[in-house]
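This briefing concerns the pockets of one structure. Which residues line them, and which elements contribute to those linings?

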Amino acid sequence: MVELVPITEVNKKRMIGVAQSIPTKFVVVRLLDLISHITLELKSVFYKIKNIGGIHNYLNYNGIIILSLIVKDDMLSKLTPPDYAFIINTLKPNFYTTPDCETYEGEQTISIEEIKKSLFQTKEIIERCPFSFPIGHVKGCNEWMIEEHIKMLKMFGIKDFIFHTGDFFRSGDRNMINKAKNLAFKIRHHARYLLLYGMGSQNNLLEFSFADAYITNTHLVTALNGKKFVGTKKVRYFGKYNIKISKENLTEIYNNLQRSNEQKKLFEGG
């Protein structure tokens, strides 16, 4: 059955309470919330985490924490393995995703070089971070590239994989959503545990239910945009944002996922 995994923004400390409002074995925190998008300087929240002894202490959370190294494309060329390793070893998450890279539709040569760079970085990070474990962030703009990236990640002993579906959902184009599903399903055959990142679309919960977990921040983003979930629909709410709306949104997304899990059972039974 698919699990729901909330992203917890570390600069909004009370969000861990939102995450704990649903049954979940783990949460995701983001490198994106720890460094400046412009200068790549570490934010003050990073030093607060460092001073208190790590991310578990900071969040007062004993469950599993995954650090997502997914960042904006223009940040990738500036981040090095020592940068990643310093942040991982300071935060002490249970797991981290392998470095992101840019892959482009129709640009196979450039995409292959980007994946190679990510693999070299992955090797060095694994050597520098013995106390946290990697989850393979699989990249590629076609099935062949996806397969090749998985093969190389497996050579590092990686068995669990993550795939960023959010990039494909952004335009709402059905062809792109179908492509995301096909590529994710290709990864499924190789993964002990498959996580799909950016799975906020409530209309595609059943389609991707071959995965093990959906990682989402939709509960917060929707609330900050002045909307709340009623079933799978977003409706505008009145008044100012408060954290209670994020919690209600997460609960509603969780309930939608449970209903889709039950629907999957019915289909499988039939």
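In this predicted model, the lining of the second largest pocket consists of I112, I115, K116, L119, F120, K123, W144, M145, E148, H149, M152 and F156. Two elements, α6 (108–128) and α7 (143–155), each give two or more residues to that lining. The volume of the second largest pocket is about 220 Å³, whereas the largest pocket has a volume of about 1,200 Å³.

**Second largest pocket: make-up of the lining**
- Helix α6 provides 6 residues, the largest share of the lining of the second largest pocket.
- By class, this lining comprises 8 nonpolar, 1 polar and 3 charged residues.
- Among the residues that line the second largest pocket are the lysines K116 and K123, together with E148 and H149.

**Largest pocket: volume and centre**
- A volume of about 1,200 Å³ is computed for the largest pocket.
- Its lining contains 47 residues, of which H164, G166, D167, F168 and R170 are the closest to the centre of the pocket.

**Largest pocket: contributing elements**
- The elements that supply two or more residues to the lining of the largest pocket are the strands β6 (160–164) and β9 (227–230) and the helices α8 (166–169), α9 (174–188) and α10 (218–224).
- The largest share of this lining comes from α8, with 4 residues.

**Largest pocket: residue classes**
- The lining of the largest pocket divides into 17 nonpolar, 18 polar and 12 charged residues.

Key: Residues numbered from 1 in each chain as written. Predicted model: local features only at pLDDT ≥ 70, side-chain atom pairs only at ≥ 80, totals over all residues. Heavy atoms only, no water. 1 Å grid on protein atoms, 1.4 Å probe; cavity = no way out; pocket = protein on both sides within 12 Å on 5 of 7 lines; lining within 4 Å. Points joined across faces, edges and corners; volume = space filled by probe spheres on them. Nonpolar A, V, L, I, M, F, W, Y, C, P; charged D, E, K, R; others polar.
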